[in-house]
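Please read them with the coordinates open.

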Amino acid sequence: PGQDHVYDLAARLGLPTTPSNVTGDKLLHFDGRPTRYRGRVPRLPPLALADVAQAQWRFDRLAATVDLRHPWRTPNAETLDGQTFETWIRRTVRTRGGREFFRVAAQGVFATEAANLSLLHVLFYSRSGTDFETLLTTAGGAQQDRLVGGTQQLARGLHRILGDRVRLGHAVTRLHQDEHGVSVTAGADTVTAAYAIVAVPPALAAGIEFHPALPPDRAQLQQRMPHGSVIKFHAAYERPFWRDDGLCGEVAGDRGLVKVIFDNSPPEGTPGILVGFFEGMDAVAAGRYPQEVRREVVRRELVRYLGPEAGALIAYTDTDWSAEPYTRGCYGAHLPPGAWTQFGTALRPPVGRVHWAGTETAERWAGYMDGALSSGIRAADEVLVGIPR
């Protein structure tokens, strides 16, 4: 809910959505003990649950003060940006279980450790996506719906509309601008235009050779926006056996290399597919091993969560997004302490005829597909202002 640009584009392209499966119990493996629950609130021990509630209340109050357009103007911005999310967790959350909840949540949302994140960035990101609970939630939250057949259809649908104007396999290496326009070099090809919109992640934009060179604050910002580390896997079964036991397939845990799992089976019900993630430092560790080793790790983790039937995989595939040359990580870029207040002003303003888009530049749903689409609309509007009618 609220991701209106994605729903609108899907409708325009004739792509149906299907809700993520929430029929049945969710599983929480906490401190070595599995518990089943329904609804949004996991069954943590009472003290830990109360601790999470008070900490989340404090967090949401802080997030409500964030200026989404100008995060560096948020009240007490330098204090918030001068500490990590881990610092806030240690100071605010009293129980070990409560602290682990927020650390696992940081891995799930940002694909990195709480110690790597500016508190101001976490607050901004949370408010950008409504609130922290929404980012973690399926029904009524950020993971409510899926596109039947996969989200790659959004890109393919746009490709069909644009046709040959989309040039695949042309990685841009150089961008030159002057008072007359821009020229963009990709291999042996050069394209000229009045303006350019750069919509690649900031860390990849840093690999483009700009002439004249980018202003120092923009160049420094790009160096301070790394991606998280994610290996996303799909494990396929003859059928979704977990549903026979009254489970919806949504699993979370505080131990092991795999801490988040969802039911990703197609609407017709078969085959049964579980999607899960190695995230943060777990992804860094798993990325050092070949896929066949990760497959065995996943098989063992799924058996630990769901029982012996989870060992009977009929297919397995995974993608290490940190190894992909045109992402170098996922799900989006994050900012470490100090980056927002020192260099955040350079995130969105154009540099001459070069404009910036991409989900990291969005005010609402930053880091999500909806934020990517809204940023493209904003950048296009900026360019249209300068084009003579």
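**Notes on the fold, cores and backbone**

1. Surface first. The protein chain has an accessible surface of about 18,600 Å², and 55% of that belongs to carbon and sulfur atoms. Areas come from the Shrake-Rupley method with a 1.4 Å probe; for residues, only the protein chains shown count as cover.

2. Basis of the values. This is a predicted model: local features need pLDDT of at least 70, side-chain atom pairs count only at pLDDT 80 or more, and totals for chains, interfaces and linings use all residues. Residues are numbered from 1 along each chain as its sequence is written, and side-chain values use heavy atoms, with hydrogens and water left out.

3. Overall dimensions. The radius of gyration of the protein chain is 22 Å. A compact globule of 389 residues would come near 21 Å, so the value agrees. The radius is taken over C-alpha atoms, and the globule rule is 2.2 Å times the number of residues to the power 0.38. Along the principal axes, the C-alpha atoms fill a box of roughly 65 × 45 × 40 Å.

4. Secondary structure and contacts. The protein chain has 14 helices and 15 strands. These are DSSP runs, numbered from the N terminus: helices are H or I with at least four residues, strands are E with at least two. Of the contacts with a separation of 6 or more, 70% join residues 24 or more positions apart. A contact means heavy atoms within 4.5 Å.

5. Burial and charge. Of the 389 residues, 48% are buried. Buried means under 20% relative accessible area, exposed over 50%, and partly exposed in between (1.4 Å probe, protein chains only). There are 43 positive and 42 negative charges, and their mean positions are 3 Å apart. Lys and Arg count as positive, Asp and Glu as negative; His and the chain ends are not counted. Each charge is placed at NZ of Lys, CZ of Arg, CG of Asp or CD of Glu.

6. Largest nonpolar core. It holds 46 residues. Phe59, Phe85, Trp88, Ile89, Phe102, Leu123 and Leu221 have the most contacts inside it. Elements that give two or more residues to this core include β2 (25–30), α2 (46–63), α4 (85–92) and α5 (96–110). The largest share, six residues, comes from α6. A nonpolar core here is a set of buried Ala, Val, Leu, Ile, Met, Phe, Trp, Tyr and Cys residues joined through side-chain atoms within 4.5 Å. In soluble globular proteins, nonpolar side chains tend to be buried together.

7. Phe59 and the second core. Residues up to four places away in sequence aside, Phe59 touches Phe85, Trp88, Val122, Leu123, Ser126 and Phe132. A second, separate core has 22 residues, among them Ala235, Trp242, Ile261 and Leu274.

8. Ala379. This residue is in helix α14 (residues 369–386). Its relative accessibility is 0%, so Ala379 counts as buried. Beyond four places in sequence, Ala379 is in contact with Ile197, Trp356 and Ala357. Pro350 is 29 residues away along the chain, with a C-alpha separation of 8.9 Å from Ala379.

9. Cis peptide bonds. Which bonds are worth checking? The bond from His211 to Pro212 is cis, with omega near -10°. Pro212 is in the loop between β9 (209–211) and α10 (216–223). Thr270 and Pro271 are also joined by a cis bond, with omega about -5°. Pro271 is in the loop between β12 (260–263) and β13 (272–279).

10. Positive phi. Most residues other than glycine have a negative phi, and most peptide bonds are trans. Ala111 has a positive phi, near 60°. It is in the loop between α5 and α6 and counts as buried because its relative accessibility is 1%. Thr130 has a positive phi near 95° and lies in the loop between α6 and α7. At 41% relative accessibility, Thr130 counts as partly exposed.

11. Two long separations. Gly2 lies in the segment before α1 (4–12) and touches Trp365 and Asp370, residues up to four places away in sequence not being counted. Gly2 and Ala188 are 186 residues apart in sequence and 43 Å apart, C-alpha to C-alpha. Pro216, in helix α10, is exposed at 63% relative accessible area. Pro216 and Phe30 are 186 residues apart in sequence and 46 Å apart, C-alpha to C-alpha.
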